[in-house]
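Hello,

I am handing over the structure we talked about, so that you can turn it around on your screen while you read. My notes on what was found follow below it.

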Amino acid sequence: MKHILTLALCLATTPALANRVFVSNEKGNDVTVLDGETLEVIGTYPVGNRPRGITISPDGKELYVCASDDNLVRVFDPETMEELHTLPSGPDPELFVLHPSGNPLYIANEDDNLVTVVDTRTHQVLAEIPVGVEPEGMGISPDGKVVINTSETTNMAHFIDSESFEIFANVLVDSRPRFAQYSADGSKLYVTSEIGGTVSVIDPATQQIVKKISFDIPGVLPEAIQPVGARITSDGAKLFVALGPANRVAVIDGATDEVKDYLLVGQRVWQMAFTPDEKYLFTTNGNSNDVSVIDVAAEKVVKSVPVGQQPWGVVVAPN
Amino acid sequence: MRSVLTLILALAAGPALAANGTDPDWPCIQRKQPHLSLGQIWSGPAPDEAIGDLAREPAIAALAERLEQRRLPVEEAEADIAAFAETADNARLTALMVAVFDRIEPERSALIAGIARYGQKQVELAQMIEDRRAKMAALEAAAEPDFDAIDSEEAALDWDQRIFTERQQSLTYVCETPVILEQRAFALARAIAGHLE
């Protein structure tokens with residue numbers, strides 16, 4: 001009986017795709033697929049020109065890749081890496097965020113100051129939302145009601161109603177905001193500023209900045225500290241911020257928003273993704289052409305895995 | 001003609017892009033980082049004065065000299081580091097790191113300065129092309145055009161445009177060179193750090 005139960009559990013927790021890791025290689029024009037358990041490279045697959053933003057549907061059936069130089073989003077079967085279809089994205093899509101339900105997809109168009117909203121089922125553009133200059137970072141509230149876009153040159157986080165597609169608030173943050181990340185309970189919004197070198201902690205209810213996290217790494221010149229990607233554990237306890245050419249990931253106490261440690265990863269650390277169980281955090285290192293694997297509980301780098309040329313984005317398949 | 005104009009416009013836009021808190025003369029898409037810092041590649045012991053002295057020891061200096069050469073494949077460099085590490089403690093490993101860094105960093109800084117000069121020269125050349133073009137227009141608009149002068153101006157303009165375009169095409173590679181040095185420094189640091197106790 002016990003054996004059968006174990007078998008049934010194994011079967012339930014190991015579908016074909018469990019914990020596969022997908023890394024977009026901006027210069028290699030491909031995606032490297034890793035096994036999230038063994039950390040071995042499964043394969044490398046062409047995905048169009050200059051792939052950057054990458055995400056996966058909640059059911060794990062569709063992998064979305066911003067093919068920036070093709071001016072569209074390419075959709076792949078994550079299991080076979082065959083292209084299924086494309087989605088219109090507007091010019092130069094860089095980063096996007098998927099509604100928690102899996103539809104629609106909100107895409108930042110860096111060149112024409114728009115956020116394009118695309119229906120992932122009908123493949124139609126639902127809206128084009130004018131935002132600030134050089135829109136870049138995209139985030140969405142856990143309840144799916146608010147989409148955040150950051151504009152690099154206007155230096156704002158725009159709060160967008162995900163249904164009416166109207167901007168209802170703007171928050172001025174530090175120079176060149178790159179990424180927006182909500183805590184899982186929706187009580188905090190973190191916005192990273194690449195040039196400003198800070199992370200703004202915003203209260204989403206009042207749209208006020210409640211704190212600014214700054215970084216100071218012994219032996220590293222301040223201009224090398226460029227916060228980009230950010231991820232927070234679902235219990236809100238640990239926030240990780242990728243610091244670009246400082247080659248470090250900051251570990252931040254999610255309760256106090258104080259920096260606890262800086263982990264040396266690879267060069268030009270850019271975006272990050274957790275495994276579904278949050279055991280590991282993967283970081284893309286654009287200049288050392290590898291992925292660092294961080295043990296989340298131990299707060300240690302456990303491995304670096306060579307991937308393709310200039311890794312940019314990363315997503316892990318859901319369970 | 002049109003493509004040169006586009007290039008000139010692109011060049012004019014380049015420094016504006018880079019101007020985000022950086023040097024307006026910087027021609028690369030990559031943000032200008034005049035200096036590397038040791039902490040970007042090293043999380044081992046922080047070097048103190050004693051380690052600085054150790055880094056000047058002939059055996060360590062000679063190894064650093066060898067490791068820094070880009071023609072030495074990384075695999076061979078790693079093997080050299082492993083051999084050194086057999087008898088080296090953390091202080092000596094850190095000293096080797098300092099010695100390597102003190103060689104790569106000035107080389108990279110010199111490169112960065114060179115790229116800035118390259119960018120300035122392109123801006124000057126773009127201005128010269130504009131001036132020549134204005135002169136051509138004036139010569140052509142004359143009541144009795146001096147065709148010899150127009151021909152010579154046209155030939156000079158062709159050359160300037162060709163040089164400008166070729167230099168512009170090399171810019172992507174030129175801008176990549178500091179990254180190549182950073183990659184080398186990082187790979188060596190990782191190899192050295194791997195032997196820390």
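In chain B, buried residues make up 27% of the 197 residues. Please keep in mind as you read that this is a predicted model. Now take the contacts in chain B with a separation of 6 or more: 79% of them are between residues 24 or more positions apart.

**Where the chains meet**

The contact between the two chains takes 15 residues from chain B and 17 residues from chain A. On the side of chain B that touches chain A, five residues are nonpolar, nine are polar and one is charged.

**Sheets in chain A**

Now move over to chain A. One open sheet there has four strands in the order β3-β2-β1-β28, with antiparallel pairing. Its edge strands are β3 (41–46) and β28 (311–316), each of which pairs on one side only. On average, neighbouring strands of this sheet are turned by 20 degrees against each other, direction ignored. Within the sheet, β1 (residues 20–25) and β2 (residues 30–35) of chain A run antiparallel and are joined by six bridges. You can check the pairing by looking for S24(A), which stands opposite V31(A) in β2(A).

Another open sheet of four strands in chain A has the order β24-β25-β26-β27, again with antiparallel pairing. Why is one side of β24 (269–274) and of β27 (300–306) left without a neighbour in the sheet? Both stand at the edges with a single partner strand each, so there is no neighbour on one side. The twist in this sheet averages 25 degrees from one strand to the next. Four bridges connect β24(A) with the antiparallel strand β25 (residues 280–285) of chain A, and V269(A) stands opposite N285(A) in β25(A).

**Two hairpins to trace**

Finally, look at β21 (residues 238–242) and β22 (residues 248–253) of chain A, which pair in the antiparallel sense over five bridges. Here F240(A) stands opposite V251(A) in β22(A). Five residues lie between the strands of this hairpin, and G244(A) takes a positive phi near 55 degrees.

From there, β22(A) also pairs with β23 (residues 258–264) of chain A, in the antiparallel sense and over six bridges. In this pair, I252(A) stands opposite V259(A) in β23(A). These two strands form a hairpin with four residues between them, where D257(A) in the turn has a positive phi of about 60 degrees.

Enjoy exploring!

Best wishes

Methods:
Residues numbered from 1 in each chain as written. Chains lettered and ligands numbered in written order. Predicted model: local features only at pLDDT ≥ 70, side-chain atom pairs only at ≥ 80, totals over all residues. Pairing = 2+ DSSP bridges. Axes fitted to C-alpha atoms, helices over the stretch in contact; angles between N-to-C directions. Contact = placed C-beta atoms within 7 Å. Nonpolar A, V, L, I, M, F, W, Y, C, P; charged D, E, K, R; others polar. Buried ≥ 20, exposed ≤ 12 C-beta atoms within 10 Å, placed from the backbone.
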